[in-house]
Amino acid sequence: MDTTDLTTAQAGSKTIATTTKTVLREAGIGIALIALIIVFSFTPHFLSSSNVTNILTQVTINLVLSIGMTFVILIGGIDLSVGSVLSFCAVVAGTVMTLPGLDPAVAVFLATISAIVAGIGFGLLNGLISAWWAIPSFIVTLGTLNIARGAALQVTNASTIYSFPAAFNAFGSQTFYGIPLLFLIALVLVAIGWFVLTKTVFGRVLYGIGNNEEAARLAGHNVFFYKVAAFTICGVLVGIGAIIYMARLNIASPIIGIGFELNAIAAVIIGGTSLSGGRGSIVGTLLGACIIGVLANGLILLGLSDFMRQMITGFVIILAVILDKYRERLTKA
Amino acid sequence: MKFARLIAASVLAGTLAMPAASYAADKPVVGLVMKSLANEFFKNMLEGAKAHEAKRGDYTLKAVGMQSETDVETQINAIESFITQKVDAIVVAPSDSRALVPPIKRAVDAGITVVNFDVALDDKAKQEAGLKLAFVGPDNREGAKMAGDALAKKLGAGAKVVIIEGNPGADNAAQRKLGFMDSVTAGKLDLLDSRTAHWETEEANTVFSNMLTAHPDIQGVMAANDSMVLGVVKAIEAAGKTGKIEVVGFDNIPAVQPLLKEKKLLATVDQFGQLMAANAIDKALGVVAGGKPLEGWVKTDIKLVTSDDVK
Amino acid sequence: MAGAAAPAPAGAAPVIELSGVKKRFGGVVALNGVSFSLRPGEVHALVGENGAGKSTLIKILCGIIQRDAGSITLGGETYDPHTPGDAKKAGIQVVHQEFNLLPYLSVAENICFEDMPRKAFGMVDYPTLYAKARKALDAIGLGDVDVRRPVESLGVAHRQLVEIARALMGESRILILDEPTATLTARETERLFQIIAALKAKGVAVVFVSHHLNEVFSICDRVTVLRNGESVMTADIAGTTTDQLVTNMVGRQLAAAMATARDLDTGGRTALSLRNLRHPASPHAEGVSFDLHYGEILGIAGLVGSGRTELLRSIFAADLPLSGTIERDGQPRRYRNPKQAIRDGIGFVTEDRKEEGLILGMAIAANVTLASLRKVSRLGLLDKREETRLTRALGDEIRLKYGDTADAVSTLSGGNQQKVVLAKWLANNPKILLLDEPTRGVDVGAKAEIYALLRGLSEKGLALLIVSSELPELITLSDRILVMSKHRIAGEVARADFSEERILNFAYKDERNHGHH
């Protein structure tokens with residue numbers, strides 16, 4: 001073996017060490033999730049297949065929204081409008097789906113497209129306004145939160161849309177070996193998100209902008225484009241989330257989705273993504289969303305009161321972020 | 001860019017500036033303080049009131065709604081601005097049975113006729129503030145008991161049931177829960193669990209799915225409103241227990257009509273919300289015109305709705 | 001001059017004495033036995049390459065971290081600070097290299113932040129606050145700065161002086177200055193030295209940390225050299241030579257690279273030609289005009305605030321110029337953003353590598369390829385193998401010392417971080433490199449390497465435009481020096497005529513003819 005090979009081998013082992021560190025970071029959240037599952041498995045029914053189906057169903061919408069939220073938070077932004085925009089997308093899609101005289105398949109297809117288009121519209125609005133005028137996205141999306149909610153109420157005149165095609169309704173409750181079809185769709189979205197963030201130039205630059213916007217700009221990257229793109233991606237996922245909501249509950253209404261943004265933000269943060277941007281991963285987000293879902297389910301099975309449940313959920317969010325701080329130190333040393 | 005900012009600023013300023021109100025001097029002005037207009041129930045109620053205004057034609061209606069169910073601030077501000085505008089009567093559906101007592105007291109002291117409808121103000125709070133005010137509205141507890149009794153009758157004594165509550169702290173949620181509890185006692189039902197889903201479909205779906213896991217033998221559900229019924233029925237379908245679990249609700253919203261028809265919903269309660277505000281306005285105008293002041297609880301109609309009522 | 005104050009008597013009892021101080025961070029030994037003492041009224045230089053342990057030692061002295069072993073006695077008693085507050089109470093004041101100012105508060109509020117004058121009910125007593133701050137600023141000769149101004153609006157040099165004023169607010173027995181002159185011009189440095197002399201006369205012991213050995217020789221009484229966490233030498237300045245210090249610092253004879261003269265003709269083709277280029281901050285319309293040739297190193301000298309950085313930023317379209325023209329290879333260009341400048345073969349090593357040059361939390365490889373992602377990707381997909389290969393190849397070329405290409409760039413020393421910034425641009429095969437303070441915060445060894453690297457680039461035909469506050473640096477590197485003053489070219493000095501005096505004359509030209517613009 002010549003020296004070149006030797007150095008390559010050494011470098012290789014170092015890469016493995018770094019990879020191990022990265023895996024450890026995510027494993028931390030995974031361990032928290034497993035610990036939670038172990039604790040709850042002492043309650044009857046928790047590990048039953050129907051309950052697992054339940055948890056996965058309940059995690060799905062938040063997971064889809066959290067994927068989009070991860071993109072936005074990675075560039076140092078935040079999107080408070082997702083809950084309201086979901087409601088707007090749902091009522092638009094619901095209106096399309098219940099148009100008289102449409103073939104059910106066509107109606108569902110057009111509704112899906114229109115929900116995504118509506119989501120893209122609001123994503124573009126959020127991104128363009130905050131990037132062009134350099135307004136903190138916190139404020140911009142607080143504005144669009146109200147705009148979308150108002151628009152949803154306006155479109156429906158505050159009424160609930162119901163009676164979607166039977167096939168669509170059935171599609172929402174479809175399972176494969178106990179795994180809800182809707183959750184599988186969310187997993188595909190997770191995989192796409194992971195791929196985009198880790199394997200593409202686009203993802204790399206997104207992380208770069210989140211870490212140091214000025215350095216990225218001076219390295220020739222169009223910061224404006226990436227910011228708008230992150231919000232637009234979030235909008236697409238909100239549109240998909242709206243369709244998933246409708247498939248699951250068979251209604252669309254202008255008052256749904258209240259507080260969804262906070263759950264999505266919580267999942268992303270619990271998943272180890274830094275609120276100041278530049279650090280985090282989709283896999284972490286997946287685990288974060290699962291932690292929230294498992295907690296909500298397990299605490300009810302434990303028979304805790306609603307008020308205790310709310311308090312414990314709050315504690316867990318804070319605890320997760322504290323643990324993340326320690327994990328950060330651990331992997332740095 | 002600067003120009004665009006300027007436009008934005010002036011638009012904002014324009015929105016904030018309150019338009020000066022001017023009313024025809026001869027017609028009495030009624031200020032209507034509503035709850036969340038995002039809620040179909042209150043939106044219908046407001047439309048009923050507007051239709052009523054057009055029909056009577058002898059008064060001017062000024063209505064204010066809230067952003068959300070729990071937005072007490074907006075209601076207090078609305079009452080205070082009605083006092084400033086010197087309206088003749090205020091008709092209010094309080095979002096909080098205690099917090100609204102002081103501003104209502106101020107309105108009464110300013111010589112305005114106030115009618116409290118939909119949710120009754122807290123008796124103790126009224127006493128402490130020295131406020132005497134009648135309540136015009138349905139008996140939520142009685143309504144919930146009607147729905148609960150229908151469930152008890154269908155299932156029989158000893159049946160295992162759960163309650164899905166409305167917002168903790170909301171008076172109508174508390175009253176409806178009491179009504180359901182009355183039915184539980186009277187019908188000797190076995191209450192397994194009672195949890196809030198904050199009036200919301202998705203949350204009711206999640207909460208009820210989880211309840212069903214914890215108690216697979218649930219036979220009946222009492223939901224405090226029909227939005228939550230939608231989520232509960234979907235959870236029953238997902239669990240493959242359609243027909244094995246009976247559901248009752250409250251409010252009789254359009255979206256539950258197909259469920260009643262398919263017998264997925266046993267019964268719901270109609271409190272004729274559309275007429276409620278209009279009735280209260282009638283009562284208020286009667287007093288303004290020199291009629292006798294209202295006293296105690298002026299109950300409005302409620303009705304149990306079952307599949308028989310849906311054609 | 002500083003030397004005017006009486007040197008500290010050699011026999012006086014030390015104010016502070018350190019012996020065998022050790023500190024490790026995990027597996028890394030930061031300090032491995034440091035001993036030195038400080039006499040009242042002396043200026044004691046602490047020198048050493050980056051990573052030698054100076055920062056760690058200062059952090060221990062001011063209570064930010066605690067030592068693992070060794071003793072420190074302050075005025076005869078054991079000194080063991082656990083918080084920066086302890087250190088301040090003991091009379092030890094520090095001016096850190098990285099500023100600790102609150103940018104949106106006023107100068108006065110910053111200076112008095114630790115001890116705000118109060119009125120009843122805890123309200124701030126502004127008249128007293130302003131008076132105290134005024135006094136503190138006047139004491140260090142900053143009479144021209146309004147204490148009500150927000151710190152944000154001050155230049156780097158002024159911020160440094162505000163830091164010093166703030167440190168001097170407390171009762172100080174020992175003042176530690178960590179790289180105080182790194183951002184100062186010659187004139188500002190001179191002012192600082194006068195302040196140090198005054199403090200010295202009052203009996204304050206000053207620890208002076210600097211990379212500039214000439215400064216060490218001009219104002220210090222004694223010097224301690226740190227190398228690899230150990231104190232390897234302490235001596236009176238009077239009996240020491242530069243060579244001795246450098247030898248002790250690097251542990252080997254420094255290549256003569258720093259002193260080599262160079263002999264290049266500047267007659268290459270014109271790479272870049274500016275005519276009346278005006279930055280938005282420029283007060284007058286005439287702007288800046290000059291030609292930069294291939295194979296040439298053109299130095300830009302000038303005081304802080306003379307528009308040097310702004311000039312580079314407007315060429316690179318980091319800030320869009322107000323007016324004027326840029327010609328690249330004789331073709332007119334109007335760059336709308338840095339991307340277009342980069343595509344046109346220009347690279348820009350910024351002044352502040354942490355804020356503008358690097359993405360500290362990200363891998364070395366990611367930083368190196370940040371401006372050339374198209375080269376390491378296909379159809380938008382990253383080719384990480386190619387990225388690693390490119391990073392290793394460039395790393396070898398610029399003699400980068402690193403563990404793994406996937407390590408965060410923040411784990412590197414200042415000199416190596418700066419090399420990563422260079423590698424980022426070299427990855428793009430640029431034709432023109434703009435460099436703003438290319439060796440700021442870089443130790444002596446790495447400096448020499450960077451000089452050699454820059455020379456090598458110009459020999460390959462690259463056109464280099466270098467802004468620097470260190471005149472010796474410009475004199476060593478440049479073929480020609482343009483001197484800027486108030487956003488215009490005040491003069492040009494050819495290599496044959498290089499001298500600090502000549503350059504400074506141009507730099508101060510406008511300052512002297514004050515009052516007619």
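**Sheet, helix packing and cavities in a predicted model**

In chain C, 6 strands make up an open sheet of mixed pairing, ordered 16-19-20-13-21-22. Strand 16 (346-349) and strand 22 (488-494) of chain C stand at its edges with a single partner strand each, so one side of each has no neighbour in the sheet. The twist from one strand to the next averages 20°. This is a predicted model, in which local features need pLDDT of at least 70 and side-chain atom pairs count only at pLDDT 80 or more, while totals for chains, interfaces and linings use all residues. Residues are numbered from 1 along each chain as its sequence is written, chains are lettered from A and ligands numbered from 1 in the order in which they are written, and side-chain values use heavy atoms, with hydrogens and water left out.

**Strand pairing in chain C**

- Strands of a sheet pair through backbone hydrogen bonds, either parallel or antiparallel.
- Strand 13 (residues 297-302) of chain C pairs with strand 20 (residues 463-467) of chain C in the parallel sense over 4 bridges; two strands pair if DSSP finds at least two bridges between them.
- Within this pair, C:Leu298 is opposite C:Leu465 in strand 20 of chain C.
- Strand 1 (residues 16-25) and strand 4 (residues 69-74) of chain C run antiparallel and are joined by 5 bridges, with C:Ser19 opposite C:Ser71 in strand 4 of chain C.
- Strand 4 of chain C is also joined to strand 5 (residues 77-78) of chain C by 2 bridges, and these two run antiparallel; C:Thr73 has C:Thr78 in strand 5 of chain C as its bridge partner.
- The hairpin of strand 4 and strand 5 of chain C has 2 residues between the strands, and C:Gly75 takes a positive phi near 55° there.

**Helices**

- Helices (H or I, at least four residues) and strands (E, at least two) are DSSP runs, numbered from the N terminus.
- Helix 9 (residues 308-315) of chain C lies across strand 13, strand 16, strand 19 (432-436), strand 20 and strand 21 (480-485) of chain C, at about 150° to strand 19 of chain C.
- Helix 14 (residues 414-426) of chain C lies across strand 16 and strand 19 of chain C, at about 170° to strand 16 of chain C.
- In chain A, helix 6 (residues 166-173) and helix 10 (residues 223-249) pack at about 95° with axes 7 Å apart; axes are lines fitted to C-alpha atoms, for helices over the stretch in contact, and angles run from 0 to 180 degrees between N-to-C directions.
- Helix 6 of chain A is therefore roughly perpendicular to helix 10 of chain A (65 to 115 degrees).
- The contact (heavy atoms within 4.5 Å) brings A:Phe168, A:Asn169, A:Phe171 and A:Gly172 of helix 6 against A:Ile243, A:Met246 and A:Ala247 of helix 10 in chain A.

**Cavities**

- The count is 2 cavities of 30 Å³ or more; a cavity is a set of points on a 1 Å grid over the protein atoms alone where a 1.4 Å probe fits but cannot get out, and lining residues have an atom within 4 Å of a point.
- The largest cavity holds about 70 Å³ of space, a volume being the space filled by probe spheres set on the points.
- Its lining includes C:Leu277, C:Arg278, C:His279, C:Leu311, C:Met484 and C:His487.
- Strand 11 (270-278) and helix 9 of chain C each supply at least two residues of that lining.
- The second largest cavity, of about 30 Å³, is lined by C:Ile60, C:Ile65, C:Gln66, C:Arg67, C:Asp80 and C:Pro81.

Notes:
Angles under 35 degrees count as roughly parallel, over 145 as roughly antiparallel, 65 to 115 as roughly perpendicular and the rest as oblique. On a 1 Å grid over the protein atoms alone, a cavity is a set of points where a 1.4 Å probe fits but cannot get out, and a pocket is an open set with protein on both sides within 12 Å along at least five of seven lines; lining residues have an atom within 4 Å of a point.
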